[in-house]
Amino acid sequence: MMFTLNNKKPHILAVVAVVTFALFLSPTLAVNDVMAKDKKNKGNDSDQDIDQGQSSRQNAQCVSGEDVIASCNNLSVQDQDNDGNNAAGQQNGKGKGNDSDQDIGQDQESKQNSQCVAGGSIAASCNNLSVQDQDNDGNNAAGQQNGGDNKKGKGNDGDQGIDQDQDNKQNAQCVSGEEAIVSCNQLSFQEQVNSGNNALGQD
């Protein structure tokens, strides 16, 4: 019996050594895995947009050897109404932290060109009329917590904007051999109303 036990003793010691080595390495492998996950974490990123866009282009030309009456008039009416809201909540933005971009945008563009050439009279012709209206009641609201390490320039970043833009270009030309009555007039109405709010909370 003693001879048999002594022969098995090196095998037992080898098994114990392997198990001990494996137990020693397992915490190290677990820590490395967690660190790898942290490096891959890009944080929270939120992009929310409500955009309204309108564009109108009008061209009119009248050429007559006689009279031009009630012709080649351009009319553009644009209306935008937004009641929608943007809301975002972000927590635990490790890595690159919390990043929230929220925008409510309304854009209108109108271009009108008219030309009247007549050998006779021009009446009520080649007039340009543009009406643009924008109304926003939408709000931007964002809450951010635990945005990572501020010392590294990360942390919480919130960008919020409510933009309203209107653009109008008008050109008119009247050439008449006689009279030009109520013609080649240019009229533009632009209105913007914003009741929306920007609210941002960061911790």
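The model is predicted, so local features are described where pLDDT is at least 70 and side-chain atom pairs count only at pLDDT 80 or more, while totals for chains, interfaces and linings use all residues. Residues are numbered from 1 along each chain as its sequence is written, and side-chain values use heavy atoms, with hydrogens and water left out.

**Overall architecture**

Let us start with the fold. The protein has 1 helix and 12 strands, where helices (H or I, at least four residues) and strands (E, at least two) are DSSP runs numbered from the N terminus. Along the sequence the pattern reads α-β-β-β-β-β-β-β-β-β-β-β-β. Of the 203 residues in the protein, 27% are buried. Here buried means under 20% relative accessible area, exposed means over 50%, and partly exposed is in between (1.4 Å probe, protein chains only). The areas themselves come from the Shrake-Rupley method with a 1.4 Å probe, and for residues only the protein chains shown count as cover.

**Strands side by side**

Which residues of strand 7 (residues 128-136) lie on its covered face? They are Asn 128, Ser 130, Gln 132, Gln 134 and Asn 136, while Leu 129, Val 131, Asp 133 and Asp 135 lie on the uncovered face.

Strand 4 pairs with strand 8 (residues 140-144) in the parallel sense over 5 bridges, and Asn 140 in strand 8 is the bridge partner of Asn 86.

**Charges**

On the surface, Asp 45, Asp 47, Asp 49 and Asp 51 gather in a patch of negative charge. Such patches are made of residues with over 30% relative accessible area and no salt bridge, with like charges joined within 9 Å and nonpolar side chains (Val, Leu, Ile, Met, Phe, Trp, Tyr) within 5 Å. Lys and Arg count as positive and Asp and Glu as negative, with His and the chain ends not counted; the charge is placed at NZ of Lys, CZ of Arg, CG of Asp or CD of Glu.

How many salt bridges does the structure hold? There is 1 salt bridge, the term standing for a side-chain nitrogen of Lys or Arg within 4 Å of a carboxyl oxygen of Asp or Glu. Glu 109 forms it with Lys 111, and their closest N and O atoms are 3.7 Å apart. Glu 109 is partly exposed at 22% relative accessible area, and Lys 111 is partly exposed at 26%.

**Two loop residues with positive phi**

Most residues other than glycine have a negative phi. Ala 70 has a positive phi of about 50° although it is not a glycine. Ala 70 belongs to the loop between strand 2 (68-69) and strand 3, and is exposed at 54% relative accessible area. Val 182, also not a glycine, has a positive phi near 45°. Val 182 is placed in the loop between strand 10 (180-181) and strand 11, and its 57% relative accessibility makes it exposed.

**Pairs apart in sequence**

| Pair | Apart in sequence | C-alpha to C-alpha |
|---|---|---|
| Gly 143 and Gln 202 | 59 residues | 6.0 Å |
| Arg 57 and Ser 76 | 19 residues | 8.6 Å |
| Ser 125 and Ala 180 | 55 residues | 8.6 Å |

Gly 143 is part of strand 8 and is partly exposed at 31% relative accessible area. Arg 57 belongs to strand 1 and is exposed, with 61% relative accessibility. Ser 125 lies in the loop between strand 6 (122-123) and strand 7, and is buried with a relative accessible area of 0%.

Technical notes:
Pairing = 2+ DSSP bridges.
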